[in-house]
Amino acid sequence: MIILVLLIVTALAFDFTNGFHDTGNAMATSIATGALKPKTAVLLAGVLNLVGAFLSVEVAVTVTTQVLKVQNSKTGQLLPGITPSTGLTIIFAGLIGGILWNLLTWLFGIPSSSSHALFGGLIGAGLAALGSKGVNWTGITQKVLIPAAAAPVIAGIVAAAGTWLVYRITRKVMKKRREDGFRWGQIATASLVALSHGTNDAQKTMGVIALALITTGHLTGNVAKDGLPIWIIFSCALAIGLGTYIGGWRVIRTLGKGLVEIESPQGFAAEASSAAIILSSSAAGMALSTTHVATGSILGSGVGKPGAEVRWAVAGRMLVAWLITLPAAALVGALSFWISNSVSSFSTQLVGDGVIFLILCALSFYIWWRAQKQKVDANNVNADWDSSTNSVVPADVREDATDKAAV
Amino acid sequence: MIYAESLLKVLVVGLVLGAGLPAVFALGLVAFSTGSGGADADGTAHAPNPALKYLGLALFLFVAWVIVTAIAWIMRATLIHHFGIDLFPFIHSK
C-alpha cells in the first residue's frame, strides 16, 4: 500500500515535469512574438491545461492497454506470472526513467517528448522484468512509434501550408493591423494548444495511475467503459497545471527563439496546425507527442514564410534527442528496475522501491541545482539567440557563471 | 496499408482545420481591415465599408464556431459518461 502511494506521488511528479517541460509547446511562439507577457502566458497555459485534462479519457485508455502487457485485454485480469508487486515496481521504475530524462533534456533546453520518455521508461522496466513478452510491441508500433515518426512531418506540412496561405492572403493588409489581428489569433490558437496538451498529456499520467490500480486490483481493467475515478483526473489535472505554470523557460526559449525568429502570423499558423493535429489525434486515442507536433509546426512556419531562416543546427540537435529519448529513458527505467529488484532480493520490496525513489530525488535535485546556476527565467527568456554556440543559456548569464567559477 | 490511410486522414483533417481555418481567419482580417478604411501596405487609401467589416466579423465568428464544435465533439464521451448529455444525438460514430 505504501508503495502504491509512493507510485502515485511519483506519477504526479512525472505529470508535473511533463507540464513544465511542455509549456513551450503552447506558449513559446506567443512569448517570442510578444503577444503575451511571459508570466501571463504560463498562467493561461496552466489554467487551460487544468481544464483540458477533464475533457476526455481516450488517450488514458491507450496507455493502459497498448504499452505493457500486464492485463488480459478482454477480462482485465492480470496475466499469469505477474504478481501485483512486480507490476508496481515496473511502473515505478518506468516513471523514474521518464522523470529523469525529462529533467535532463530540460537542463539543455531540448524540447524532447515527455510521452516518449514515459513510454521508454515503462518499456525498459517491462523488458528488464518480463523480457520481450511483457511489452505490447504491436500496440507500441501502431499507437506510439508510427505516430511519432509521422506527427512532426504532418505538422510541418500543415503549418507550412497555413503560413504560406496566411502571408499570401494578408500581403496587402497594413503591417500594424496585420500584427495586431494575428496577435489575437495567436493567443486563441495557443490557448487551444494548451487545452489540447491537457487532454493529451495529463491523460498519459492518468493512464499510468490507472495501470497501477489495475495491477493491484483496485480498479477493473475496463477504463474505456467505466471511465476513471474523478480523483485521478483531478490530481493529474492539478499536477500538470502547476507544472505548466512554473514554466520550463529553457525549452520555451529554444522553441520561441532558437529554431526560427517568429512573427505573429507565423506563430498563429504554427499554433493552429498544432492544435488541429493534437486535438484530432486525442479524439482518436493516439498518444502522440505534443512536443513533436509543436516543433514540427514551428519548423513548418519557418519553411512556409518566404525568406525566413530556420536554424537547422538547432533542429538537428533536437532530432537526435528525439531519436534517443525512447531508448535512453528505457535504459534508465531498466536500471531502476534492476536496482530495486536486487535490493529487494536481500531485504523487502518496500526498501528496494524506496532506494530508487531516493536516487530519483537526489538526481532531480542535482539537475535543478545545475539549472539554477545558469538560470533562464521569465526575464531573459527572449534574450537574443547566440547562433555561434546555439546554447540555450543567454550569453551574459553564461559569462556571469564562468566569472563566478573563476573567483 | 491501414496506417497510411489513417495518417492520410490526419493529414487531411490537419490541412482543413490547421491550415484552412487560419486562411479563413486571414480572409476575415483582410475584409475587416479593408472595411475599416485607411491605407493599405502599398499606400492606396480606402473609404470605410461597413458591409466588408461585418463580413470580416462573420468570418471570425465562423472560425470560433468551428472550434467550439470541435471541442464539444472531443468532450462527447465524457459528457455522456458524467452528465448523460449527448450534444450530437444524430451522429453515431461508435
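Me: Two residues are in contact if their C-beta atoms, placed from the backbone, lie within 7 Å. With that in hand, which residues is Ile99(A) in contact with, leaving aside its neighbours within four places in sequence?

Reply: Keep in mind that this is a predicted model. Ile99(A) contacts Ala13(A), Phe14(A) and Thr17(A), and also Leu360(A) and Ser364(A), once neighbours within four places are left out. Ile99(A) itself is found in helix H4 (residues 84–107) of chain A.

Me: Is Ile99(A) buried or exposed?

Reply: The idea is to count neighbours: 20 or more other C-beta atoms within 10 Å makes a residue buried. Ile99(A) has 28 C-beta neighbours inside 10 Å, so it counts as buried. As for distance across the chain, Thr199(A) lies 100 residues from Ile99(A) in sequence, and their C-alpha atoms are separated by 20 Å.

Me: Can we do a whole helix? How many residues of H12(A) are buried?

Reply: Same count, residue by residue. In H12(A), 14 of the 15 residues are buried, so the helix is largely enclosed by the rest of the structure. You can check its length too: at 1.5 Å a residue, helix H12 (residues 290–304) of chain A should span 21 Å, and its end C-alpha atoms are 21 Å apart, which agrees.

Me: Now packing. At what angle do H5(A) and H13(A) pack?

Reply: For a pair of helices, look at angle, axis distance and handedness. Helix H5 (residues 114–130) of chain A packs with H13(A) at about 45 degrees, their axes 6 Å apart. That makes H5(A) oblique to H13(A), and the crossing is right-handed. The contact between them has 18 nonpolar residues, seven polar ones and no charged ones.

Me: And how far apart are the axes of H13 and H14 of chain A?

Reply: They are 7 Å apart, with helix H13 (residues 312–346) and helix H14 (residues 349–373) packing at about 145 degrees. H13(A) passes H14(A) in a right-handed crossing. Residues making the contact include Ile339(A) and Val343(A) from H13(A), and Val355(A) and Ile356(A) from H14(A). By class, the contact residues of this pair come out as five nonpolar, six polar and one charged.

Me: What about chain B: how many helices and strands does it have?

Reply: For a whole chain, start with the element list. Chain B has three helices and two strands, running α-β-β-α-α from the N terminus. Buried residues are 27% of its 94 residues. Among contacts in chain B with a separation of 6 or more, 40% come from residues 24 or more positions apart.

Conventions:
Residues are numbered from 1 along each chain as its sequence is written. Chains are lettered from A and ligands numbered from 1 in the order in which they are written. This is a predicted model: local features need pLDDT of at least 70, side-chain atom pairs count only at pLDDT 80 or more; totals for chains, interfaces and linings use all residues. Axes are lines fitted to C-alpha atoms, for helices over the stretch in contact, and angles run from 0 to 180 degrees between N-to-C directions. Helices (H or I, at least four residues) and strands (E, at least two) are DSSP runs, numbered from the N terminus. A crossing is left-handed if the near helix is turned anticlockwise from the far one by less than a right angle, and right-handed if clockwise. Ala, Val, Leu, Ile, Met, Phe, Trp, Tyr, Cys and Pro count as nonpolar, Asp, Glu, Lys and Arg as charged, and the others, Gly among them, as polar. Angles under 35 degrees count as roughly parallel, over 145 as roughly antiparallel, 65 to 115 as roughly perpendicular and the rest as oblique. The expected span of a helix is 1.5 Å times one less than its number of residues. A residue is buried if 20 or more other C-beta atoms lie within 10 Å of its own, exposed if 12 or fewer, and partly exposed in between; C-beta atoms are placed from the backbone.
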